[in-house]
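Okay, thanks for having me. I'd like to walk you through one structure today, so let me put it up.

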Amino acid sequence: MKPWLSVIIKIFIVILVVAAVITIITINDNAENKSASEPSPTPAAVTPTVAKTPETTPTPTPTPEVTPEPAYIPEPDELLPFELAELPILSGTIGYKVEYGSLIANWEPSSEADYCVLYALDANDVVYHKDILWADIDSWSISGIRHGSLLLLFYKDMGEKSAEDDELLKAILQPIVADDSMFTANETLQNKYYIIVDKEDYTFAIFTYDENGEYTKLVKAFPCAVGRSARMTALGSFKISSKGAWKRWNSGQFSPYYTKYTAGVYIHGPIFSKKSFDSLQQRSYNAIGSSATSGCIRTTVEAAMWIYYECPAGTVIEVVESSDMVDHVEKIPIDENYPRWDPTDVNKPVADN
(Lines give C-alpha, C1' and ligand atoms only; values in the text may rest on other atoms or scores of the structure.)
Protein backbone atom coordinates (compact mmCIF):
# COMPACT_ATOMS: atom_id res chain seq x y z
CA MET A 1 0.00 0.00 0.00
CA LYS A 2 1.26 3.34 -0.90
CA PRO A 3 2.28 5.52 2.08
CA TRP A 4 0.04 8.45 1.19
CA LEU A 5 -3.01 6.17 0.94
CA SER A 6 -2.32 4.82 4.39
CA VAL A 7 -2.22 8.34 5.80
CA ILE A 8 -5.57 9.21 4.23
CA ILE A 9 -7.21 6.08 5.67
CA LYS A 10 -5.90 6.90 9.15
CA ILE A 11 -7.22 10.47 8.94
CA PHE A 12 -10.61 9.19 7.79
CA ILE A 13 -10.74 6.75 10.69
CA VAL A 14 -9.88 9.51 13.15
CA ILE A 15 -12.67 11.70 11.74
CA LEU A 16 -15.16 8.85 12.09
CA VAL A 17 -14.14 8.24 15.69
CA VAL A 18 -14.40 11.96 16.58
CA ALA A 19 -17.79 12.17 14.90
CA ALA A 20 -18.99 9.12 16.82
CA VAL A 21 -17.82 10.60 20.14
CA ILE A 22 -19.54 13.97 19.45
CA THR A 23 -22.78 12.20 18.54
CA ILE A 24 -22.74 10.15 21.76
CA ILE A 25 -22.07 13.26 23.89
CA THR A 26 -24.91 15.21 22.18
CA ILE A 27 -27.38 12.37 22.75
CA ASN A 28 -26.47 12.20 26.43
CA ASP A 29 -26.78 15.97 26.85
CA ASN A 30 -30.25 16.02 25.29
CA ALA A 31 -31.34 13.19 27.52
CA GLU A 32 -30.09 15.02 30.56
CA ASN A 33 -31.75 18.25 29.46
CA LYS A 34 -35.09 16.54 29.02
CA SER A 35 -34.98 14.99 32.45
CA ALA A 36 -33.86 18.28 34.01
CA SER A 37 -36.59 20.55 32.56
CA GLU A 38 -37.94 23.11 35.12
CA PRO A 39 -40.50 21.34 37.22
CA SER A 40 -43.81 22.86 38.12
CA PRO A 41 -43.27 24.72 41.35
CA THR A 42 -44.26 22.79 44.37
CA PRO A 43 -47.40 24.36 45.78
CA ALA A 44 -46.75 26.36 48.88
CA ALA A 45 -48.05 24.88 52.01
CA VAL A 46 -51.68 25.88 52.39
CA THR A 47 -52.61 27.31 55.72
CA PRO A 48 -56.00 25.99 56.68
CA THR A 49 -58.65 28.76 56.57
CA VAL A 50 -60.30 29.28 59.90
CA ALA A 51 -63.88 30.45 59.52
CA LYS A 52 -64.28 33.76 61.31
CA THR A 53 -67.38 34.50 63.26
CA PRO A 54 -68.86 37.68 61.77
CA GLU A 55 -68.68 40.65 64.06
CA THR A 56 -72.06 41.46 65.43
CA THR A 57 -73.13 44.96 64.37
CA PRO A 58 -75.49 46.44 66.90
CA THR A 59 -78.87 47.27 65.42
CA PRO A 60 -79.15 51.06 65.34
CA THR A 61 -82.03 52.69 67.09
CA PRO A 62 -84.56 53.74 64.43
CA THR A 63 -84.49 57.48 63.81
CA PRO A 64 -87.08 59.66 62.07
CA GLU A 65 -86.55 60.25 58.36
CA VAL A 66 -84.48 63.35 57.76
CA THR A 67 -86.68 66.13 56.47
CA PRO A 68 -85.80 68.44 53.59
CA GLU A 69 -84.81 72.10 53.26
CA PRO A 70 -83.89 71.52 56.19
CA ALA A 71 -87.25 71.34 57.95
CA TYR A 72 -90.55 69.80 57.01
CA ILE A 73 -93.04 72.58 56.46
CA PRO A 74 -96.60 71.27 56.80
CA GLU A 75 -99.35 71.58 54.25
CA PRO A 76 -102.43 73.65 55.18
CA ASP A 77 -104.48 70.55 56.02
CA GLU A 78 -101.71 69.34 58.34
CA LEU A 79 -101.65 72.41 60.57
CA LEU A 80 -102.34 71.51 64.15
CA PRO A 81 -105.59 72.83 65.63
CA PHE A 82 -105.28 75.23 68.52
CA GLU A 83 -107.38 76.65 71.32
CA LEU A 84 -106.65 80.33 71.69
CA ALA A 85 -107.20 80.26 75.45
CA GLU A 86 -104.63 77.47 75.89
CA LEU A 87 -101.74 79.02 73.93
CA PRO A 88 -98.65 80.34 75.77
CA ILE A 89 -99.23 83.84 74.47
CA LEU A 90 -96.86 86.79 74.51
CA SER A 91 -99.08 89.76 73.80
CA GLY A 92 -98.47 92.99 71.94
CA THR A 93 -95.17 92.31 70.16
CA ILE A 94 -96.28 92.53 66.51
CA GLY A 95 -95.90 95.97 64.99
CA TYR A 96 -98.39 96.96 62.31
CA LYS A 97 -100.00 99.75 60.36
CA VAL A 98 -103.20 99.82 58.37
CA GLU A 99 -103.22 101.78 55.15
CA TYR A 100 -104.98 101.63 51.78
CA GLY A 101 -107.15 98.76 52.95
CA SER A 102 -104.19 96.54 53.90
CA LEU A 103 -102.48 95.68 57.13
CA ILE A 104 -98.69 95.60 57.10
CA ALA A 105 -97.30 93.67 60.07
CA ASN A 106 -93.73 93.14 61.23
CA TRP A 107 -92.11 91.12 63.99
CA GLU A 108 -88.81 89.83 65.30
CA PRO A 109 -88.10 86.39 63.77
CA SER A 110 -87.08 83.51 66.00
CA SER A 111 -83.62 82.01 65.39
CA GLU A 112 -84.84 78.68 66.80
CA ALA A 113 -87.99 78.37 64.68
CA ASP A 114 -88.15 76.51 61.36
CA TYR A 115 -91.43 78.05 60.25
CA CYS A 116 -94.28 80.16 61.53
CA VAL A 117 -97.99 80.40 60.86
CA LEU A 118 -99.67 83.79 60.72
CA TYR A 119 -103.42 83.89 61.34
CA ALA A 120 -105.76 86.85 60.97
CA LEU A 121 -108.74 86.51 63.33
CA ASP A 122 -111.98 88.48 63.15
CA ALA A 123 -113.72 90.01 66.16
CA ASN A 124 -115.15 86.58 67.04
CA ASP A 125 -111.70 84.90 66.83
CA VAL A 126 -112.62 83.13 63.60
CA VAL A 127 -109.70 82.65 61.21
CA TYR A 128 -110.23 84.39 57.87
CA HIS A 129 -106.62 84.41 56.63
CA LYS A 130 -103.61 82.18 57.28
CA ASP A 131 -100.14 81.85 55.79
CA ILE A 132 -97.37 79.33 56.43
CA LEU A 133 -94.11 81.23 56.33
CA TRP A 134 -90.44 80.30 56.37
CA ALA A 135 -88.77 81.46 59.57
CA ASP A 136 -86.65 84.17 57.94
CA ILE A 137 -89.73 86.22 57.05
CA ASP A 138 -90.27 89.15 59.42
CA SER A 139 -93.12 91.10 57.82
CA TRP A 140 -96.37 90.47 55.99
CA SER A 141 -99.22 92.25 54.24
CA ILE A 142 -102.88 91.27 54.54
CA SER A 143 -105.56 93.01 52.51
CA GLY A 144 -109.23 93.22 53.48
CA ILE A 145 -108.38 93.51 57.16
CA ARG A 146 -111.21 93.23 59.69
CA HIS A 147 -111.73 94.07 63.33
CA GLY A 148 -109.90 91.44 65.30
CA SER A 149 -106.32 90.40 65.89
CA LEU A 150 -103.20 88.75 64.49
CA LEU A 151 -101.93 85.45 65.86
CA LEU A 152 -98.37 84.35 65.08
CA LEU A 153 -97.18 80.85 66.03
CA PHE A 154 -93.50 79.85 65.87
CA TYR A 155 -92.71 76.15 65.36
CA LYS A 156 -89.58 74.01 65.45
CA ASP A 157 -89.59 70.95 63.19
CA MET A 158 -88.73 67.82 65.19
CA GLY A 159 -87.79 65.57 62.27
CA GLU A 160 -90.93 63.71 61.24
CA LYS A 161 -92.62 64.36 57.90
CA SER A 162 -95.68 65.74 59.62
CA ALA A 163 -96.53 68.57 61.96
CA GLU A 164 -97.74 66.33 64.77
CA ASP A 165 -94.39 66.24 66.58
CA ASP A 166 -93.43 69.86 65.93
CA GLU A 167 -92.74 71.99 68.97
CA LEU A 168 -94.61 75.25 69.48
CA LEU A 169 -91.96 77.69 70.66
CA LYS A 170 -94.13 80.72 71.26
CA ALA A 171 -97.37 82.42 70.29
CA ILE A 172 -97.96 86.14 69.83
CA LEU A 173 -101.44 87.69 69.84
CA GLN A 174 -101.76 91.28 68.65
CA PRO A 175 -105.13 93.08 68.73
CA ILE A 176 -105.71 95.34 65.73
CA VAL A 177 -106.78 98.87 66.56
CA ALA A 178 -107.58 101.30 63.76
CA ASP A 179 -110.22 103.66 62.49
CA ASP A 180 -113.44 101.87 61.52
CA SER A 181 -113.13 103.14 57.96
CA MET A 182 -110.00 101.01 57.56
CA PHE A 183 -111.81 97.72 58.02
CA THR A 184 -113.83 95.79 55.47
CA ALA A 185 -117.15 94.11 56.08
CA ASN A 186 -117.16 90.41 56.88
CA GLU A 187 -117.24 88.20 53.83
CA THR A 188 -118.16 84.59 53.28
CA LEU A 189 -115.61 82.43 55.07
CA GLN A 190 -114.53 80.48 52.02
CA ASN A 191 -111.24 80.79 50.18
CA LYS A 192 -111.37 84.19 48.57
CA TYR A 193 -109.52 83.16 45.41
CA TYR A 194 -109.26 80.27 42.98
CA ILE A 195 -106.39 80.04 40.49
CA ILE A 196 -106.51 78.38 37.07
CA VAL A 197 -103.23 77.75 35.23
CA ASP A 198 -103.79 77.40 31.47
CA LYS A 199 -100.72 75.62 30.07
CA GLU A 200 -101.71 76.11 26.44
CA ASP A 201 -102.04 79.89 26.86
CA TYR A 202 -99.08 80.22 29.25
CA THR A 203 -101.30 82.24 31.54
CA PHE A 204 -102.80 81.86 34.98
CA ALA A 205 -105.90 83.68 36.15
CA ILE A 206 -107.24 84.42 39.62
CA PHE A 207 -110.98 84.29 40.22
CA THR A 208 -113.13 85.18 43.20
CA TYR A 209 -116.59 83.94 44.01
CA ASP A 210 -119.85 85.46 42.78
CA GLU A 211 -123.13 85.85 44.66
CA ASN A 212 -123.72 82.11 44.26
CA GLY A 213 -120.34 81.17 45.72
CA GLU A 214 -118.98 80.14 42.31
CA TYR A 215 -115.51 81.23 41.24
CA THR A 216 -116.50 83.13 38.11
CA LYS A 217 -115.34 86.70 38.74
CA LEU A 218 -111.98 87.38 37.14
CA VAL A 219 -109.65 89.35 39.41
CA LYS A 220 -106.22 89.16 37.74
CA ALA A 221 -104.43 87.32 34.93
CA PHE A 222 -100.68 87.01 34.47
CA PRO A 223 -98.29 85.42 31.94
CA CYS A 224 -96.19 82.44 32.97
CA ALA A 225 -93.78 79.75 31.84
CA VAL A 226 -94.47 76.07 32.51
CA GLY A 227 -92.51 72.82 32.35
CA ARG A 228 -90.39 71.94 29.34
CA SER A 229 -92.29 68.68 28.96
CA ALA A 230 -95.97 67.90 29.49
CA ARG A 231 -95.34 65.86 32.63
CA MET A 232 -93.13 68.45 34.35
CA THR A 233 -96.05 70.73 35.27
CA ALA A 234 -98.60 68.14 36.27
CA LEU A 235 -102.32 68.61 35.69
CA GLY A 236 -104.63 68.56 38.70
CA SER A 237 -105.86 70.52 41.69
CA PHE A 238 -103.46 71.58 44.42
CA LYS A 239 -103.38 73.91 47.42
CA ILE A 240 -101.03 76.73 48.24
CA SER A 241 -98.93 75.95 51.29
CA SER A 242 -95.68 77.55 52.45
CA LYS A 243 -94.13 80.79 51.22
CA GLY A 244 -90.70 82.37 51.25
CA ALA A 245 -89.04 85.58 50.12
CA TRP A 246 -86.21 84.11 47.99
CA LYS A 247 -85.86 80.58 46.66
CA ARG A 248 -82.25 79.46 46.20
CA TRP A 249 -81.75 77.05 43.31
CA ASN A 250 -79.01 74.43 42.94
CA SER A 251 -77.32 76.74 40.43
CA GLY A 252 -76.75 79.28 43.20
CA GLN A 253 -79.27 81.67 41.64
CA PHE A 254 -82.50 82.92 43.20
CA SER A 255 -86.17 83.58 42.50
CA PRO A 256 -88.30 85.95 44.58
CA TYR A 257 -91.72 85.43 46.15
CA TYR A 258 -91.95 81.67 45.96
CA THR A 259 -95.22 79.99 46.83
CA LYS A 260 -95.26 76.21 47.14
CA TYR A 261 -98.32 74.37 45.88
CA THR A 262 -97.09 70.77 45.62
CA ALA A 263 -93.93 68.84 46.47
CA GLY A 264 -90.93 70.65 45.02
CA VAL A 265 -93.01 72.85 42.72
CA TYR A 266 -93.66 76.57 43.14
CA ILE A 267 -95.11 79.69 41.63
CA HIS A 268 -92.21 82.15 41.67
CA GLY A 269 -90.68 85.18 40.01
CA PRO A 270 -87.93 85.09 37.35
CA ILE A 271 -84.34 84.10 38.11
CA PHE A 272 -81.83 86.55 39.57
CA SER A 273 -78.08 86.19 40.01
CA LYS A 274 -78.35 87.18 43.67
CA LYS A 275 -80.90 88.27 46.24
CA SER A 276 -81.25 91.63 44.58
CA PHE A 277 -83.90 92.86 42.18
CA ASP A 278 -81.30 94.54 39.97
CA SER A 279 -79.66 91.22 38.97
CA LEU A 280 -82.29 89.80 36.61
CA GLN A 281 -81.28 86.93 34.35
CA GLN A 282 -82.89 88.21 31.16
CA ARG A 283 -83.32 84.79 29.57
CA SER A 284 -85.42 83.62 32.50
CA TYR A 285 -87.77 86.57 32.04
CA ASN A 286 -87.89 86.28 28.25
CA ALA A 287 -88.83 82.60 28.59
CA ILE A 288 -92.09 83.56 30.31
CA GLY A 289 -94.79 82.62 27.82
CA SER A 290 -93.16 79.32 26.84
CA SER A 291 -92.38 75.80 28.06
CA ALA A 292 -89.10 76.49 29.80
CA THR A 293 -89.05 75.36 33.45
CA SER A 294 -88.35 72.16 35.35
CA GLY A 295 -91.97 72.08 36.49
CA CYS A 296 -92.51 75.31 38.38
CA ILE A 297 -94.77 78.12 37.23
CA ARG A 298 -92.39 80.99 36.56
CA THR A 299 -93.97 84.40 36.29
CA THR A 300 -93.21 88.10 36.69
CA VAL A 301 -92.22 89.80 39.93
CA GLU A 302 -95.58 91.58 40.02
CA ALA A 303 -97.53 88.35 39.63
CA ALA A 304 -95.42 86.32 42.07
CA MET A 305 -95.70 89.07 44.66
CA TRP A 306 -99.48 89.27 44.20
CA ILE A 307 -99.94 85.54 44.78
CA TYR A 308 -97.49 85.67 47.66
CA TYR A 309 -99.46 88.22 49.65
CA GLU A 310 -103.03 87.92 48.41
CA CYS A 311 -103.62 84.17 48.15
CA PRO A 312 -103.47 82.54 51.58
CA ALA A 313 -102.53 78.99 52.43
CA GLY A 314 -105.25 76.61 51.23
CA THR A 315 -106.05 78.58 48.06
CA VAL A 316 -106.73 76.09 45.26
CA ILE A 317 -104.54 76.06 42.14
CA GLU A 318 -106.00 74.08 39.26
CA VAL A 319 -103.56 73.26 36.45
CA VAL A 320 -105.29 72.46 33.15
CA GLU A 321 -104.20 71.95 29.58
CA SER A 322 -106.60 74.62 28.37
CA SER A 323 -109.50 76.62 29.80
CA ASP A 324 -112.17 78.77 28.16
CA MET A 325 -112.09 80.93 31.28
CA VAL A 326 -108.48 82.01 30.68
CA ASP A 327 -107.19 84.16 27.82
CA HIS A 328 -103.57 84.54 26.85
CA VAL A 329 -101.71 87.45 28.45
CA GLU A 330 -98.49 88.83 26.95
CA LYS A 331 -95.61 89.83 29.21
CA ILE A 332 -94.26 93.37 29.27
CA PRO A 333 -90.92 93.63 27.43
CA ILE A 334 -87.77 94.36 29.41
CA ASP A 335 -86.96 98.04 29.79
CA GLU A 336 -83.82 98.61 27.69
CA ASN A 337 -82.77 101.35 30.11
CA TYR A 338 -82.83 98.87 33.02
CA PRO A 339 -82.21 95.44 31.50
CA ARG A 340 -81.33 93.87 34.86
CA TRP A 341 -84.74 94.69 36.33
CA ASP A 342 -88.05 92.89 35.91
CA PRO A 343 -90.16 95.53 34.09
CA THR A 344 -93.20 94.75 36.28
CA ASP A 345 -91.33 95.45 39.52
CA VAL A 346 -92.89 98.52 41.16
CA ASN A 347 -89.46 99.39 42.56
CA LYS A 348 -87.74 99.45 39.16
CA PRO A 349 -86.04 102.81 38.55
CA VAL A 350 -87.69 105.10 36.02
CA ALA A 351 -85.55 106.58 33.28
CA ASP A 352 -85.40 110.36 33.00
CA ASN A 353 -86.99 111.62 29.80
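I'll go from the overall makeup to the cores and then the cavity.

Quick caveats: this is a predicted model, where local features need pLDDT of at least 70, side-chain atom pairs count only at pLDDT 80 or more, and totals for chains, interfaces and linings use all residues. Numbering runs from 1 along each chain as its sequence is written, and side-chain values use heavy atoms, with hydrogens and water left out.

So, the protein chain has 3 helices and 18 strands; those are DSSP runs numbered from the N terminus, helices being H or I of at least four residues and strands E of at least two. Of its 353 residues, 42% are buried, meaning under 20% relative accessible area with a 1.4 Å probe, protein chains only.

Now the inside. A nonpolar core here is a set of buried Ala, Val, Leu, Ile, Met, Phe, Trp, Tyr and Cys residues joined through side-chain atoms within 4.5 Å. The largest one has 42 residues, and I195, F204, I206, Y261, I307 and I317 have the most contacts inside it. Strand β4, residues 115-122, brings the largest share, 4 residues. Apart from that core lies another, of 34 residues, including A105 and I334.

Take I307: beyond neighbours within four places in sequence, its contacts (heavy atoms within 4.5 Å) include I195, F204, K243 and T259.

Last stop, β4 again. It gives the most to the lining of the largest cavity, 3 residues.

Terms used: Buried < 20%, exposed > 50% of the residue type's maximum accessible area, 1.4 Å probe, protein only.
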